[in-house]
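Thanks for coming. I will go through one part of this structure, starting with a pair of helices and moving on to the strands. Please have a look at the model first.

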Amino acid sequence: MGKDVIIACDFASAEQVFTFLDKFTGKKPFVKIGMELFYAEGPQIVREIKRRGHKIFLDLKLHDIPNTVKKSMAVLSNLDVDMTNLHAAGTVSMMEAAIEGLTRPDGTRPLLIAVTQLTSTDQERMESDLLIHEPIDKVVMHYASCAKKAGLDGVVCSPLEAGKVHDTCGAGFLTVTPGVRFADGDVGDQKRVMTPAQAKEIGSDYIVVGRPITAAEDPVAAYERCVREFVG
Ligand code: C5P
């Protein structure tokens, strides 16, 4: 599994995303399509970006009863995405059903990774709103272990948690980490950040980078810098 930089294409329309992607005339970056773009443009946007030669992480974070997730994952698998995700809170049975739905008749399937606790959830809210009273890092590692048990390939997590996830679930269990910023860049609304080089050091398998690339004056140069720092 090669380490790679995934660009979070958080745009509101096909036009905006294509204007952005047209700048990349050399290597076609691995891109993340999230709910905003997918809900605005529908599955056609996935087909079109794929047709242009990009790998795609479809970040729709499924969470429903196992049968619904299984059938929905079969649809996403047909879209030929390379990676997709779900909420580990849906339980091991939901995650197992997701793998079943995602697996194509020839046995291949996109990578499937789990969201553990959202980084917007802190200890206090987890206790008051979700009635979960264990320490949050223990909850995150438990959810990661459940994802592994269900046969998933990895988790989305903070680069600060990547080392511990590998210790708990094994070096081959993928960590996909957002919250990456250049040492000399704006942090924006991300609280706990790391540089691409630090994320590499700590063992992230994929970094997800949005605004440091999409809002850069020269997005291609920013992307290439990320790749240099992270992949080497
Ligand atoms: O622009 P920025 O680099 O902050 O974008 C990070 C991307 O990763 C966004 O698409 C954001 O929704 C996503 N993400 C995150 N933190 C998480 C999970 C996903 O920032 N815990």
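Helix α4 passes helix α5 in a right-handed crossing, meaning that the near helix is turned clockwise from the far one by less than a right angle. Before going on: this is a predicted model, where local features need pLDDT of at least 70 and side-chain atom pairs count only at pLDDT 80 or more, while totals for chains, interfaces and linings use all residues. Residues are numbered from 1 along each chain as its sequence is written, and side-chain values use heavy atoms, with hydrogens and water left out.

Helices here are DSSP runs of H or I with at least four residues, and strands are runs of E with at least two, numbered from the N terminus. The axes of α4 (residues 66–78) and α5 come within 7 Å and cross at roughly 30°; axes are lines fitted to C-alpha atoms over the stretch in contact, with angles from 0 to 180 degrees between N-to-C directions. That makes α4 roughly parallel to α5, a term for angles under 35 degrees. The contact (heavy atoms within 4.5 Å) includes M73 of α4 and A97 of α5.

Now the strands. Five bridges join β4 (residues 83–87) to β5, and the two run parallel; pairing takes at least two DSSP bridges. H87 is opposite V115 of β5. On the other pairing, three bridges link β5 to β6 (residues 154–156), also parallel, with A114 partnered by V155.

Is β5 covered on one face or both? Both: L111, I113 and V115 on one side, L112 and A114 on the other, are all buried, that is, under 20% relative accessible area with a 1.4 Å probe, protein chains only.

Methods. Buried < 20%, exposed > 50% of the residue type's maximum accessible area, 1.4 Å probe, protein only. Parallel < 35°, antiparallel > 145°, perpendicular 65-115°, else oblique.
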